[in-house]
Amino acid sequence: MGGRNTVLLDALRWKIPLVSDIPTIIFGADVTHPESGEDCSPSIAAVVASQDWPEVTKYAGLVCAQPHRQELIQDLYRTWQDPQRGTMSGGMIRELLLAFKKATGQKPMRIIFYRDGVSDGQFYQVLLYELDAIRKACASLEPGYQPPVTFIVVQKRHHTRLLPNNHNDRNHTDRSGNILPGTVVDTKICHPTEFDLLCSHAGIQGTSRPAHYHVLWDENNFSADEMQSLTNNLCYTYARCTRSAQ
């Protein structure tokens, strides 16, 4: 209905690190592929972006079809020739940036882009293509407009599981017996040199599969604590329930 069911208390207090200080837009993107054996159906790309600030609670979403099993999102930015108006610009990033400006009255001065569903072998191919599309979409709005971008890949297809030391200790487990939501692991079992972390959400049934966040590009100079705090806060903006989710 256009309203909000929940708002983060930290957002109302202007205390979200590297979000509350200047207008910030948060993107989420993923590509869904056809099931195995389906050889002709297109893949579906979806991009959402926050439309309010500093609350970062309301999101607009766009979807588009693209070639079969293509992981790179083709329609983030595009140009075409119009017979009357010449070269025209469009694409999902540009449309969502314009929607943010219309809703808030100002351009985003910082971009945080969470990208789901990318395997390790595709990291830098996706980063180069999609970061370039973000840059071009920004430049199409205004010459010289290039807000700093943080590009984070979120992975759930991995074999790491985090378990509490004592399943019977209710002070250190949730009601499903999993580790508490908000548990962070950023040493020893993470990448030895790159900026990545494992951050847990609430597990409703079975053993929690922690999300693996791999920061591929960071022009906003997040510290590990700031990235973990922001990511944990965003896990509580899930519209359908008040539990931590992704």
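R115 touches A29, D30, V31, E71, L72, I73, V126, E130, F151, I152, V153 and V154, leaving out residues up to four places away in sequence; contact means heavy atoms within 4.5 Å. The model is predicted, so local features need pLDDT of at least 70 and side-chain atom pairs count only at pLDDT 80 or more, whereas totals for chains, interfaces and linings use all residues. Residues are numbered from 1 along each chain as its sequence is written, and side-chain values use heavy atoms, with hydrogens and water left out.

R115 lies in strand β6. Helices (H or I, at least four residues) and strands (E, at least two) are DSSP runs, numbered from the N terminus. R115 counts as buried because its relative accessibility is 0%. Buried means under 20% relative accessible area, exposed over 50%, and partly exposed in between (1.4 Å probe, protein chains only). R115 and V154 are 39 residues apart in sequence, yet their C-alpha atoms are 5.9 Å apart in space.

T150 is found in strand β7. T150 is also buried, at 0% relative accessibility. Beyond its neighbours within four places in sequence, T150 is in contact with I111, I112, F113, V215, W217, D218, E219, N220, F222 and M227.

The protein has four helices and 10 strands. Along the sequence they follow the pattern α-β-β-β-β-β-α-β-α-β-β-β-β-α. Of the 246 residues, 44% are buried. Among contacts between residues at least 6 apart in sequence, 63% join residues at least 24 apart. The protein exposes about 13,200 Å², of which carbon and sulfur atoms supply 51%. Accessible areas come from the Shrake-Rupley method with a 1.4 Å probe; for residues, only the protein chains shown count as cover.

In soluble globular proteins, nonpolar side chains tend to be buried together. A nonpolar core is a set of buried Ala, Val, Leu, Ile, Met, Phe, Trp, Tyr and Cys residues joined through side-chain atoms within 4.5 Å. The largest such core holds 53 residues, and F27, Y114 and L230 touch the most other members. At least two core residues come from each of β1 (24-32), β2 (43-50), α2 (92-104), β6 (110-116), α3 (123-141), β7 (149-155), β10 (211-218) and α4 (224-234). Helix α3 gives the most, with eight residues. F27 touches V47, V48, A49, I93, L96, L97, I111, I112, F113 and Y114, not counting residues up to four places away in sequence.

I179 is found in the loop between β7 and β8 (184-185). I179 is buried, with a relative accessible area of 8%. I179 and L163 are 16 residues apart in sequence and 6.0 Å apart in space, C-alpha to C-alpha.

Zero disulfides were found in a search of the whole structure, taking a disulfide as a pair of cysteine sulfur atoms within 2.5 Å. C64 counts as buried at 14% relative accessibility. C138 counts as buried at 1%.

V7, L9 and L12 form a nonpolar surface patch, with about 250 Å² of accessible area together. Patches are made of residues with over 30% relative accessible area and no salt bridge; like charges are joined within 9 Å and nonpolar side chains (Val, Leu, Ile, Met, Phe, Trp, Tyr) within 5 Å. A salt bridge is a side-chain nitrogen of Lys or Arg within 4 Å of a carboxyl oxygen of Asp or Glu. V7 sits in the segment before α1 (9-12). V7 counts as partly exposed because its relative accessibility is 34%.
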